[in-house]
Amino acid sequence: MNGESYRVHAIRYGRVDRTVSENFLDSEGCSAPMPMDYFVWVLAGEDRTVVVDTGYGPEEALRRGRVITRPVADGLRALDVEPSRVTDVILTHLHWDHAGNLGLFGNARFHVQEAETRFAFGPAMADQTRSSAYAPADIAELVHLVHGGRVRFAGADEELFPGIEVHLVGGHTAGTQVVRVRTASGPVLLASDAAHFYANLDERRVFAVTHDPGQLLDVYAHRFPALVDSADDIIPGHDPLVLRRYPAAAPTLTGWVARLDR
């Protein structure tokens, strides 16, 4: 990768208690606890700051029985990022926990895959199993943003900015994209929901909510190894271990904001 290097941060904004059987397709009846954290990410460079995903808000948290540990806006401001001044947001996909809070980013352009909008706006949503992972209000808001000229449809493999690439991998949803970021210590791959947990990668297991399990397993076997040198450079989207494996961005942010490029 050429171009600017970025500091990469994971901000935890929510959590939920779950079991192994709720998280993996092949673990029916396994009641061992396996909680899930919810993150958004910040890519901070000398010339620009880019936010990856926007999380969920209080109404959706209440509707789905989720906890907001700290509001997304508070986490951003802890890194001196004012949401209203963010100019670019990458949406890895449009599930309710990744594409809420769009109104926080009143001056941002949103980068999303066309395949994801076709999926989320189209006939696939007549299937309740698939549509339940989307929040209709968030999808409607994104439609308004499309009409307002604030949504850009990213290429399947595109360098959006020097040092920041997106790659369409699908699997979890039809249009899931991952984000490859140049850092001073080498590339970091934000897998988002292409890999919820480290166990998805280490054990080749598929998350319970997956559009195309076979495609996702192919991503683990072929796409990810082509994007990074080591599985250690892949950041899963929901694993509480992220906050244990990486240092806090500052002592006061322990258990809240991790620095992923160290």
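Predicted model: local features only at pLDDT ≥ 70, side-chain atom pairs only at ≥ 80, totals over all residues.
Local features are taken at pLDDT of at least 70 and side-chain atom pairs at pLDDT 80 or more, while totals for chains, interfaces and linings use all residues. Residues are numbered from 1 along each chain as its sequence is written, and side-chain values rest on heavy atoms, with hydrogens and water left out.

The cores come first. A nonpolar core here is a set of buried Ala, Val, Leu, Ile, Met, Phe, Trp, Tyr and Cys residues joined through side-chain atoms within 4.5 Å, and buried means under 20% relative accessible area, with exposed over 50% and partly exposed in between (1.4 Å probe, protein chains only). The largest one has 45 residues, and Leu91, Leu94 and Phe110 touch the most other members. At least two residues each come from β1 (7-16), β2 (36-44), α3 (72-78), β6 (109-113), α4 (114-121) and α6 (136-147); helices (H or I, at least four residues) and strands (E, at least two) are DSSP runs, numbered from the N terminus. The largest share, four residues, is supplied by β2. A second, separate core holds 25 residues, including Phe39, Val52, Val181 and Leu243.

Leu91 has quite a list of contacts (heavy atoms within 4.5 Å). Leaving aside neighbours within four places in sequence, its partners include Asp53, His98, Phe110, Leu142 and Gln177.

Now for the strands. Five of them form an open sheet with mixed pairing, in the order β8-β9-β10-β11-β12; two strands pair if DSSP finds at least two bridges between them. β8 (157-161) and β12 (234-236) sit at the edges with a single partner strand each, so one side of each has no neighbour in the sheet. Within the sheet, β10 (177-183) and β11 (186-192) run antiparallel to each other over five bridges, and Arg182 has Pro187 in β11 as its bridge partner.

As for the helices, α4 and α6 pack at about 130° with axes 11 Å apart. Axes are lines fitted to C-alpha atoms, for helices over the stretch in contact, and angles run from 0 to 180 degrees between N-to-C directions. The pair therefore counts as oblique, the class left over once angles under 35 degrees (roughly parallel), over 145 (roughly antiparallel) and 65 to 115 (roughly perpendicular) are set aside. Thr117, Ala120 and Phe121 of α4 meet Ile139, Leu142 and Val143 of α6.

Finally, Glu60 lies in α2 (58-64). Glu60 is buried because its relative accessible area is 13%, and beyond residues up to four places away in sequence it touches Trp96 and Ala135.
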